[in-house]
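Please open the model in your viewer and keep the selection panel at hand. The tour below goes from one selection to the next and says what is to be found at each.

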Amino acid sequence: MYLTNFLHNIQKMPLPLFLPDLGSDFLESGYGAPSFPALQIYANTEHVLVRAEIPGLTRDEISLSITDDVLTISGELKSAMADVKIIRRERAAGMFQKTVELPSPVDADKAEAVLKNGILEITLPIRESVKPREIPVTGE
Amino acid sequence: METTITQNTAMENQTSGEAVKTEKQARVYRPSVDIFSDEKNIYIEGDAPGVDEASLEVSIEKNVLTVFGKTPRPDLDGFTLKYSEYRYRNFKRQFELNADIDANAIEASIKNGVFKIKLPIKIPEVKKITVHSG
């Protein structure tokens with residue numbers, strides 16, 4: 001099963017974004033529904049923080065790529081169980097890729113990503129040149 | 001050999017049982033699961049990101065298996081939420097087991113935010129009943 005997502009343009013989305021609790025039908029809702037993995041994006045003056053729920057994967061199974069202000073997360077969810085009969089299947093499976101636009105351009109080389117208990121936290125420092133700066137006022 | 005675990009929807013409408021009394025009424029979300037079986041066991045694998053072995057509770061009462069995972073509240077001091085596809089929540093799901101499951105031998109583990117429960121299937125035993133005259 002191939003799970004892909006289209007580019008989310010953050011500036012065009014209403015903020016704050018309140019989503020209904022879709023329950024386990026999350027992935028089967030079709031067009032317009034959030035796909036895998038579910039993300040949260042936070043920012044302060046120094047950093048952009050992305051939290052993604054990617055249960056079941058280890059850090060060498062996830063690929064992250066960052067350019068300017070676009071983050072792509074990809075990987076493959078493999079089913080470890082073999083020689084079993086499937087009674088029920090609700091979880092995401094297969095290759096996934098998700099691309100999001102970040103609120104600010106970031107310094108990709110200074111990015112840090114930590115995976116713990118299935119939650120991936122990516123800390124991205126905001127690029128110096130786009131940080132707000134105070135302009136001293138001269139004159140009277 | 002047909003062994004089933006049935007979803008008891010009446011029980012799942014509980015969103016806040018005794019186990020879920022937290023400081024601020026935390027939401028409880030029903031985690032997605034995959035259920036498999038082979039000759040010996042039934043396997044349940046479910047997604048509970050943020051939950052580790054210390055915060056996962058698996059219990060069985062009569063024939064109802066309850067899985068409850070508590071997630072820690074992340075420390076996001078100073079950050080503003082810009083975009084969200086999920087909310088902070090705990091995880092809970094219940095399953096009704098039929099008599100074929102050996103409840104005393106259930107094993108549960110959790111790794112990378114995925115919990116795995118192994119439910120051994122009881123081999124049906126034939127119990128002979130002695131017949132008295134009378």
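Begin by selecting the contact between the two chains of this predicted model, to which chain A gives 37 residues and chain B gives 29 residues. On the side of chain A that touches chain B, the elements giving two or more residues are strand 2 (38–43), strand 3 (47–53) and strand 6 (85–89) of chain A, and strand 2 of chain A supplies the largest share, 6 residues. If you colour this side of chain A by residue class, you will find 21 nonpolar, 8 polar and 8 charged residues.

Next, select strand 6 of chain A together with strand 3 (residues 33–37) of chain B, two strands that run antiparallel and are joined by 4 bridges. Within this pair, display R89(A), whose bridge partner in strand 3 of chain B is D34(B).

Now turn to the open sheet, which is formed by 5 strands with antiparallel pairing, and select them in the order 8(A)-9(A)-3(A)-2(A)-7(B). Which strands stand at the edges? They are strand 8 (112–116) of chain A and strand 7 (80–84) of chain B, and because each has a single partner strand, one side of each is left without a neighbour in the sheet. Looking from one strand to the next, you will find a twist that averages 20°.

Notes. Residues are numbered from 1 along each chain as its sequence is written. Chains are lettered from A and ligands numbered from 1 in the order in which they are written. This is a predicted model: local features need pLDDT of at least 70, side-chain atom pairs count only at pLDDT 80 or more; totals for chains, interfaces and linings use all residues. Two residues are in contact if their C-beta atoms, placed from the backbone, lie within 7 Å. Ala, Val, Leu, Ile, Met, Phe, Trp, Tyr, Cys and Pro count as nonpolar, Asp, Glu, Lys and Arg as charged, and the others, Gly among them, as polar. Two strands pair if DSSP finds at least two bridges between them. Axes are lines fitted to C-alpha atoms, for helices over the stretch in contact, and angles run from 0 to 180 degrees between N-to-C directions.
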